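Dear colleague,

Please find below the structure that I am handing over to you. My notes on it follow directly after.

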Amino acid sequence: MNFLRKFLDRIKPAFEKDGKLKMFHSTFDAIETFLFVPNTTARSGAHIRDVNDLKHTMTVVLIALTPAMLFGMWNTGYQHNLSTAAEMTFWGMFWFGFLKVLPIIIVSYVVGLGIEFISAQIRGHEVNEGFLVTGMLIPLIMPIDCPLWMVGLATAFAVIIGKEVFGGTGMNIFNPALLARAFVFFSYPSHISGNKVWIVGLSANEGIIDGFSGATPLAQAAAGEQMPSIADMFFGFIPGSIGETSTLAILIGAAILIYTGVGSWKIMLSCVLGALGIGYLLNFTAANPYMEIAPYMHLIMGGFAFGAVFMATDPVTGTQTEIGKWIYGFLIGAFTVIIRVFNMGYPEGMMLAILFMNAFAPLIDHYVVEANIRRRLKRVKI
């Protein structure tokens with residue numbers, strides 16, 4: 001690393017204000033700060049000094065995503081093995097999935113970071129580390145058979161429309177990764193609706209053995225069909241988006257986020273309470289097969305667990321006040337179940353619920369703050 005540090009120090013003057021390559025200062029700064037901790041310090045004003053900077057936060061989230069990512073790679077091979085009776089070993093299934101998932105991750109990062117670098121160069125700003133997490137989230141919420149060009153197009157839409165038009169990292173209103181998924185869903189619904197068999201390595205489902213069903217539990221629930229066992233859904237031995245199938249792997253990530261203080265346990269818990277509350281309420285009416293499902297099943301189906309842990313807790317697009325976090329999370333869980341049971345054409349719901357509440361997060365915080373102000377004013381008058 002000393003050689004690399006000396007090399008960067010030697011070429012750094014060329015990227016400074018009066019250097020020949022000053023137009024690429026943002027790109028050089030991004031590479032340098034990615035490889036080494038910045039040596040800059042605050043010179044004036046009051047500043048909060050904390051080790052939990054943006055880079056540290058993004059690193060923790062990436063570590064928390066790792067269990068879901070690794071299981072998603074193995075499950076990709078496992079589902080292919082089930083559908084074709086290929087009789088692959090454990091590591092054979094993982095290697096098969098690794099080779100299928102890796103290109104999606106590469107496309108996401110190449111397209112997203114490319115746009116981030118170009119935007120920073122045009123504006124003369126620093127390249128933020130925010131996309132390090134978004135670039136991993138996007139592949140994990142996509143079906144494994146999603147075409148690479150579609151992933152690239154969705155990523156470009158999410159970064160340009162979801163982030164850069166609002167001013168970049170920290171200024172966006174909606175979660176960029178969910179915008180990418182929403183783009184694919186509304187533009188190419190046949191690739192992500194859940195009605196199509198999400199298995200790779202097959203041509204028009206050729207080679208699928210008799211009795212194999214690749215439908216996701218969400219699609220089966222909407223159709224009133226027999227769903228997989230609770231154990232299979234909890235551990236993740238089911239078809240679905242790459243990183244969303246294993247509730248266990250997601251809970252490991254949740255524990256990491258809560259332990260490090262990066263993710264809000266209040267939002268996670270309130271999402272669960274909101275889903276359970278509405279789920280039990282709808283059980284009394286049971287107007288369609290989806291309403292008859294036990295409320296706790298919603299927690300291990302589809303993208304609920306992944307959304308509650310990694311999407312709803314986004315510090316930029318979520319609420320900031322403590323009471324607001326409870327309200328925000330509860331409404332996300334409640335709206336998820338409502339969308340699922342009343343919209344048979346869209347058996348999921350987590351994506352739309354989070355995006356909807358992203359828009360109302362500032363309003364929730366506003367009324368929570370206003371209520372605190374009124375309460376304190378009354379105390380003063382007394």
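Helix α12, residues 304-311, is mostly covered in this predicted model: eight of its eight residues are buried. These are F304, A305, F306, G307, A308, V309, F310 and M311.

G307 belongs to this helix, α12. With a relative accessibility of 4%, G307 counts as buried because the cut-off for that class is under 20%. If residues up to four places away in sequence are not counted, G307 touches A312, M350 and I354. For I354, the C-alpha atom is 7.9 Å from that of G307, while the two residues are 47 apart in sequence.

Helix α12 also meets helix α11, which comprises residues 265-283. The two axes come within 9 Å and cross at roughly 145 degrees, and the crossing of α11 and α12 is right-handed. On the α11 side the contact involves M268, C271, V272 and A275, and on the α12 side F304, A308 and V309. By class, the contact of α11 with α12 has seven nonpolar residues, with no polar and no charged ones.

T134, L137 and I138 of α5 meet P176, A177 and A180 of α7. Sorted by class, the contact of α5 with α7 has five nonpolar residues, one polar residue and no charged residue.

S108 is buried, its relative accessible area being 0%.

Turning to helix α10, residues 247-260, one can check its length against expectation. At 1.5 Å a residue, its 14 residues should span 20 Å, and the end C-alpha atoms of α10 are 20 Å apart, which agrees. Which residues of α10 are buried? They are T247, A249, I250, G253, A254 and L257. These residues cover an arc of only 155 degrees around the axis, so they lie on the same side of α10. As a general point, an α-helix has 3.6 residues a turn, so residues three or four places apart point the same way. After α10 comes G261, whose phi is positive, near 80 degrees.

I63 and I256 are 193 residues apart in sequence, but their C-alpha atoms are 8.1 Å apart in space. I63 is located in helix α3, residues 54-84. I63 is partly exposed, with a relative accessible area of 47%.L352 lies in helix α14, which comprises residues 350-381. How exposed is L352, at 26% relative accessibility? L352 counts as partly exposed, because that class lies between the 20% limit for buried and the 50% limit for exposed. Not counting residues up to four places away in sequence, L352 touches F186, I339 and Y346. L352 and T336 are 16 residues apart in sequence, and their C-alpha atoms are 7.6 Å apart in space.

Finally, a few values for the chain as a whole. Its secondary structure comes to 14 helices and zero strands. Of the 382 residues in the chain, 48% are buried. Among contacts in the chain with a separation of 6 or more, 71% are between residues 24 or more positions apart.

With kind regards

Definitions and conventions:
Residues are numbered from 1 along each chain as its sequence is written. This is a predicted model: local features need pLDDT of at least 70, side-chain atom pairs count only at pLDDT 80 or more; totals for chains, interfaces and linings use all residues. Side-chain values use heavy atoms; hydrogens and water are left out. Helices (H or I, at least four residues) and strands (E, at least two) are DSSP runs, numbered from the N terminus. The expected span of a helix is 1.5 Å times one less than its number of residues. Buried means under 20% relative accessible area, exposed over 50%, partly exposed in between (1.4 Å probe, protein chains only). The arc is that of the directions from the helix axis to the C-beta atoms. Contact means heavy atoms within 4.5 Å. Ala, Val, Leu, Ile, Met, Phe, Trp, Tyr, Cys and Pro count as nonpolar, Asp, Glu, Lys and Arg as charged, and the others, Gly among them, as polar. Axes are lines fitted to C-alpha atoms, for helices over the stretch in contact, and angles run from 0 to 180 degrees between N-to-C directions. A crossing is left-handed if the near helix is turned anticlockwise from the far one by less than a right angle, and right-handed if clockwise.
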